[in-house]
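Work through the exercises below with the sequence and the model open. Each task is followed by a solution in steps.

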Amino acid sequence: MIALKGITKRFGEHTVLDGIDLSLARGEIIVVIGPSGTGKSTLLRCVNFLERPDAGQLTVGDLSVDAARATSDDILGLRRRTAFVFQNYALFAHKTALENIAERMIVVEGLSKREAHARAREILERIGLADKADAYPAALSGGQQQRIGIGRAMAAKAEVILFDEPTSALDPEWVEEVLALMKQLAAEQQTMIVVTHEMQFAREVADQVVFMEGGRIVEQAPPSELFTNPRDERTRSFLRKVLAGNAPSDA
Amino acid sequence: MQALNLDYMVGLVPVLLGYLPLTLGMAAAGMVCALILSCGLAVIRVSRLPVLNQAAQLFISFFRGTPLLVQLFLFYYGLPQFLSFLVSINGVTATIMGLTLHFSAYMAESIRAAITGIDRSQTEAAQSIGMTNAQTMRRIILPQATRVATPTLMNYFIDMIKSTSLAFTLGVTELMGATQKEAASSFLYFEAFLVVALIYWIIVEALSWCQKRLEKRLNRAYQR
Ligand SMILES: Nc1ncnc2c1ncn2[C@@H]1O[C@H](COP(=O)(O)OP(=O)(O)OP(=O)(O)O)[C@@H](O)[C@H]1O
Ligand SMILES: [Mg+2]
């Protein structure tokens with residue numbers, strides 16, 4: 001169970017998130033869409049305190065944290081229950097694919113190197129990169145790097161995986177393999193929040209689609225409803241632009 | 001104009017080489033201590049810890065802003081005047097201390113630059129999987145930063161080896177001190193100092209060669 005209540009974030013005078021409420025049941029998949037600069041990344045980053053929310057209540061699994069009063073233990077607790085997939089992959093450059101995936105198990109779970117590597121190998125198997133175990137990120141394609149990034153998140157066995165535009169930095173030829181992996185995770189009932197401009201993916205995989213604008217949730221509905229029958233004029237105009245093939249300026 | 005006394009020079013080489021272990025030993029000890037201290041200083045500077053950061057800045061500024069020779073005299077001759085436990089400090093210890101403090105100030109800035117050069121997203125990735133700041137620093141940032149800083153640090157090591165020659169001013173008979181004594185008894189100053197210069201030169205050249213090979217290896221790192 002993931003629940004966000006009244007999450008608020010300001011950068012100086014600028015209120016980037018204005019009281020966001022959102023909840024997911026286990027195994028649920030939410031796709032967040034919206035124009036550039038709306039606070040989608042900030043929202044994800046607030047869930048694991050890469051950004052510190054100014055106010056609000058965060059619940060992830062058995063841990064509930066008042067953002068304004070979060071202690072460093074709370075923050076660590078939230079981070080250990082969540083995992084993040086970055087737009088630019090953010091792999092550890094000095095570690096091999098295998099080591100990138102094993103790192104958390106060694107450092108956070110305290111597994112022996114041998115056991116961590118054995119488990120990391122299983123994950124490599126699942127993401128179809130078993131043959132790249134000893135490759136460094138610099139030697140991998142963008143698509144492969146992102147799949148390792150997802151593998152690293154899978155290793156966390158997190159309550160929820162947060163994806164921030166996982167395919168936006170990729171050359172078009174690599175997008176499909178990453179989306180396919182995400183669909184595979186969805187089929188395995190992994191809870192996830194995905195920020196993306198891939199509307200087809202949202203349609204196929206999402207349980208709920210959230211449309212954000214100006215730091216607020218404008219509309220939330222299952223994809224069948226939101227895409228065919230959006231209620232709010234802002235959602236309609238956004239979808240018109242995106243579906244006309246003009247992806248938003250930053251896509 | 002008289003000719004160089006080559007026989008004397010050849011004979012001097014093995015004598016002086018006997019002092020090489022002390023010279024290299026002081027440099028090695030100074031380097032190890034300076035590496036540890038400079039990593040600490042760099043981490044303090046990068047994480048902007050209050051008070052400690054200002055203290056580190058002051059430390060770095062002082063030890064970069066004053067000559068090594070002055071620092072050595074300050075430790076060896078000056079400090080025991082106030083700190084009685086230092087009365088027994090010997091020249092070798094004082095030299096290692098001086099080299100450590102002096103060079104760690106420079107090295108801290110190189111390491112700091114290397115740390116800030118590591119892509120910030122890797123820090124975030126480490127935090128996102130629940131690593132603490134200390135774990136992130138130790139396992140993700142420092143290993144990469146040391147790699148980036150290695151060529152510069154090698155330069156400081158070479159510089160440090162040459163700087164050990166100042167120890168003779170504290171009465172230490174290392175390579176330079178020994179040469180000084182030999183020259184004073186033979187009056188063949190030019191020959192003696194030429195021999196010691198060649199010895200330093202060869203050591204430094206050998207190290208530069210190692211440095212180049214190391215850099216080549218580092219440059220093709222992470223490509224497998
Ligand atoms: N560290 C920061 N300091 C100041 N302002 C920030 C910071 N991070 C984000 N912002 C601002 O917050 C707003 C929301 O940014 P955010 O990255 O969350 O938007 P987004 O919806 O993810 O946009 P995009 O689709 O372009 O990724 C933007 O106006 C951005 O300039
Ligand atoms: Mg974003």
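**Exercise 1: The fold of chain B**

Chain B has nine helices and zero strands. The model is a predicted one.

Solution. 

**Exercise 2: The contact between chain B and chain A**

Task: Describe the contact by its residues, its buried area and its salt bridges.

Solution. 
Step 1. Begin with the residues: chain B contributes 20 residues to the contact and chain A contributes 28 residues.
Step 2. Turn to the area. About 2,200 Å² is buried between chain B and chain A, and 58% of it is on carbon and sulfur atoms.
Step 3. Look for salt bridges, for which a side-chain nitrogen of Lys or Arg must lie within 4 Å of a carboxyl oxygen of Asp or Glu. Two salt bridges are found across the interface. A salt bridge joins the side chains of A:Arg45 and B:Glu124, with 2.8 Å from N to O.
Step 4. Count the polar contacts: seven residue pairs are in polar contact between chain B and chain A, both residues being at pLDDT 80 or more.

Task: Which helices of chain B each supply at least two residues of the side that touches chain A?

Solution. 
Step 1. They are helix H6 (120-128) and helix H7 (133-163) of chain B.
Step 2. H6(B) gives the most to this side, with seven residues.
Step 3. Sorted by class, the side of chain B that touches chain A has seven nonpolar, nine polar and four charged residues.

**Exercise 3: The surroundings of ligand 1**

Task: How many residues surround ligand 1, and which elements give two or more residues to the shell?

Solution. 
Step 1. Ligand 1 is surrounded by 13 residues, and the closest are A:Ser36, A:Gly37, A:Lys40, A:Ser41 and A:Thr42.
Step 2. Check the distances to oxygen atoms of ligand 1. An N or O atom in the side chain of A:Ser36 is 2.6 Å from an oxygen atom of the ligand. For A:Gly37 a backbone N or O atom lies 2.8 Å from a ligand oxygen, and for A:Thr38 a backbone N or O atom lies at 3.1 Å from one.
Step 3. Ligand 1 exposes 630 Å² when taken alone, and the protein buries 62% of that.
Step 4. Strand S2 (14-24) and helix H1 (40-47) of chain A give two or more residues to the shell. H1(A) gives the most, with three residues.
Step 5. By class, the shell divides into three nonpolar, seven polar and three charged residues.

Conventions
Residues are numbered from 1 along each chain as its sequence is written. Chains are lettered from A and ligands numbered from 1 in the order in which they are written. This is a predicted model: local features need pLDDT of at least 70, side-chain atom pairs count only at pLDDT 80 or more; totals for chains, interfaces and linings use all residues. Side-chain values use heavy atoms; hydrogens and water are left out. Contact means heavy atoms within 4.5 Å. Buried area is the accessible area (1.4 Å probe) that two parts lose on being put together, summed over both. A polar contact is a pair of N or O atoms within 3.5 Å; within protein, one must be able to donate a hydrogen and the other to accept it, and residues adjacent in sequence count only if both atoms are side-chain atoms. Helices (H or I, at least four residues) and strands (E, at least two) are DSSP runs, numbered from the N terminus. Ala, Val, Leu, Ile, Met, Phe, Trp, Tyr, Cys and Pro count as nonpolar, Asp, Glu, Lys and Arg as charged, and the others, Gly among them, as polar. A residue is near a molecule or strand if one of its heavy atoms lies within 4 Å of it. Accessible areas come from the Shrake-Rupley method with a 1.4 Å probe; for residues, only the protein chains shown count as cover.
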